[in-house]
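User: Please go through the pockets of this protein with me, one question at a time.

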Amino acid sequence: MEKSKVYFTKKLESESLIRLYDKLEINLTGKVAVKLHSGEEGNQNYLKPEFVKSIIEYVKGVVVECNTSYEGERNTTEKHIQLMEKHGWSKYFDIDILDSEADEILENPNGEVIKKNFVGSHMKNYDSMLVLSHFKGHPMGGFGGAIKNLSIGFASSRGKNYIHCSGDEFGNMMEADHDNFLRSMADSAKTITDFYKDKIVYINVMVNMSVDCDCCHVAEDPCMKDIGILASIDPVALDQACVDLVYNSTDPGRDILIERIESRNGLLTIESAVKQGMGSKEYELIEID
């Protein structure tokens, strides 16, 4: 079986995003959505619009997001739009909160834990998708990359709680079974890859790698040096390559991030995604200038 190709560059430049995208030889057509993290109020680590402006303009994309299911400045459409304006997203791009009107159900009959996923109703308006993820740690998932962006990132406000609570729509995410939450992320992510099929590209940016997510109002500062940018059409291989780069790093701060990943059993999400047929852990890392 041929290994998935993951392209990698150490050059942390906006133009690198375009070079990596071109290497994949996938032309995102029609109305293109760019799923990224708009950054919670007070967060200092999220990818800034100026850095990703080149690739979003290159694919002629619309920046899309979904509301959260916890208190903050992104749990209603009105507040979320205001924050995106404050963070500069609407200065450069058209923006769309996918669940601003309603949500819809995507089915995954082969899900390990959950069999359905609640997503924003606007998702059906897009023909193809660029999943642009900031790779870093996460307080609950251990790490966040492409798979988390596909799952929690795409889920509507109701859907986020549904995933966290492993199918209990009215459950308390802080009391839910942790490993089933990780498996549920893979189950929900599979509904997105099934929806877009081969019309989806993934880029992970390994900068500002804190143990915390961009959803944290007060996040820890980065614990290790920036590594680079990676791209693939296989989200599993992409996340695995990022994890491997952390583990193989000589930066002493790697131990802090690894502790976060392992203490949350974060690698279970990758294993579950493999079971869902989303991709392969076997990859060829191809470095470009």
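User: Which helix and which strand each supply at least two residues of the lining of the second largest pocket?

Analyst: This is a predicted model, in which local features need pLDDT of at least 70, side-chain atom pairs count only at pLDDT 80 or more, and totals for chains, interfaces and linings use all residues. Numbering runs from 1 along each chain as its sequence is written, and side-chain values use heavy atoms, with hydrogens and water left out. Helices (H or I, at least four residues) and strands (E, at least two) are DSSP runs, numbered from the N terminus. The two elements are helix 1 (14-24) and strand 1 (4-9).

User: Which residues lie nearest the centre of the second largest pocket?

Analyst: On a 1 Å grid over the protein atoms alone, a pocket is an open set of points where a 1.4 Å probe fits, with protein on both sides within 12 Å along at least five of seven lines; lining residues have an atom within 4 Å of a point. The second largest pocket has 14 lining residues. Nearest its centre are Lys3, Ser4, Lys5, Ile233 and Asp234.

User: What volume does the largest pocket have?

Analyst: Grid points are joined across faces, edges and corners, and a volume is the space filled by probe spheres set on the points. For the largest pocket this space is about 450 Å³.

User: Which strand gives the largest share of the lining of the largest pocket?

Analyst: Strand 7 (128-134), strand 8 (136-138), helix 5 (146-151) and helix 6 (157-164) each supply at least two lining residues. The largest share is three residues, and it comes from strand 7.
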